[in-house]
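Student: Could you take me through this model feature by feature, giving the general idea before the particular case?

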Amino acid sequence: LNSYRKIIETLEEQMKQRILVEKYEMELSYFTNIQDSLDTLSRIRHDFKNHLIVLDSYASQNRISDLRNYINQVHSKLTDTKMISTPNDLISSILNTKNAACQTRNITFLTDCNFEHIYISDFAIITILGNILDNAITAASQIPNGKVELTLFQIDNYLEISCYNNHNGNIIEKNGFFSSTKEDNYNLHGLGISNVRDCVNNLHGTTEISYDATNFTVDILIPNRSDR
């Protein structure tokens, strides 16, 4: 029995260390992205007078097509510098890291956050958001027009988390484990959902999952108050 307890304690400690590493990596990526965005904005601002000269030249010559193309180029640069900002640095780090992953896979990533304070532990936040977003991104990456939508709202004393993604393939659910019916047996949501459910249950929250042939949604409700 003592040996069993030691094994469990060791596994728990390894999990905590892994979460700490993930937290550090995401925060480092987040602040690096912020610096890159600031550098890009600084370059655009520095060249803004030149941009106006080019736009004025195209307009005076009635080169409407060139004018629109140039505006689109500048707009694209500004869009690339847009960062997701929330009242919680860790959540901001997670969302911007996952947004970068979506951009490399041509997945549309939409977020809507409305909360003031997070009283849930960093460990729980990374476990929950990390798993549901990783699963959603992996599934959405399998189709041409992949989409992931995440909302985080404070409703009374609860934090409501909803994550939607589209996917391609039928889903088989057995004992809370989700898998695909494709020939390659692609693991669509797998063990990550089980980890999320365990974490949410430990926080006295609820997890609801709904899906069909093309859509998958995870809805989570967790107590979020200062007296936790």
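**Contacts, core and sheet**

Tutor: Leaving out residues up to four places away in sequence, Ile161 touches Ile128, Leu129, Ile132, Leu150, Thr151, Leu152, Val218, Asp219, Ile220 and Ile222, where contact means heavy atoms within 4.5 Å. This is a predicted model, in which local features need pLDDT of at least 70 and side-chain atom pairs count only at pLDDT 80 or more, while totals for chains, interfaces and linings use all residues. Residues are numbered from 1 along each chain as its sequence is written, and side-chain values use heavy atoms, with hydrogens and water left out.

Student: Which residues of the largest nonpolar core touch the most other members?

Tutor: A nonpolar core is a set of buried Ala, Val, Leu, Ile, Met, Phe, Trp, Tyr and Cys residues joined through side-chain atoms within 4.5 Å, and buried means under 20% relative accessible area, with exposed over 50% and partly exposed in between, using a 1.4 Å probe and protein chains only. Here the largest such core holds 38 residues, of which Ile128, Leu129, Ile132, Leu133, Val148, Leu150 and Ile161 touch the most other members. Helix 4, helix 5, strand 2, strand 3, helix 6 (190–202) and strand 7 each give two or more residues to this core, and helix 5 gives the most, with ten residues.

Student: In what order do the strands form the open sheet?

Tutor: Strands of a sheet pair through backbone hydrogen bonds, either parallel or antiparallel. Helices (H or I, at least four residues) and strands (E, at least two) are DSSP runs numbered from the N terminus, and two strands pair if DSSP finds at least two bridges between them. In this model five strands form an open sheet in the order 1-2-3-7-6, with mixed pairing. Strand 1 (108–114) and strand 6 (206–211) each have a single partner strand, so one side of each edge strand is left without a neighbour in the sheet. Strand 1 runs parallel to strand 2 (residues 147–155), to which seven bridges join it, and Asn114 stands opposite Phe153 in strand 2.

Student: Where do helix 4 and helix 5 lie against these strands?

Tutor: For such angles, axes are lines fitted to C-alpha atoms, for helices over the stretch in contact, and angles run from 0 to 180 degrees between N-to-C directions. Helix 4 (residues 89–104) lies across strand 1 and strand 2, running at about 165 degrees to strand 1. Helix 5 (residues 122–140) packs on the sheet, where it touches strand 1, strand 2, strand 3 (158–166) and strand 7 (215–223), and its direction makes about 15 degrees with that of strand 3.
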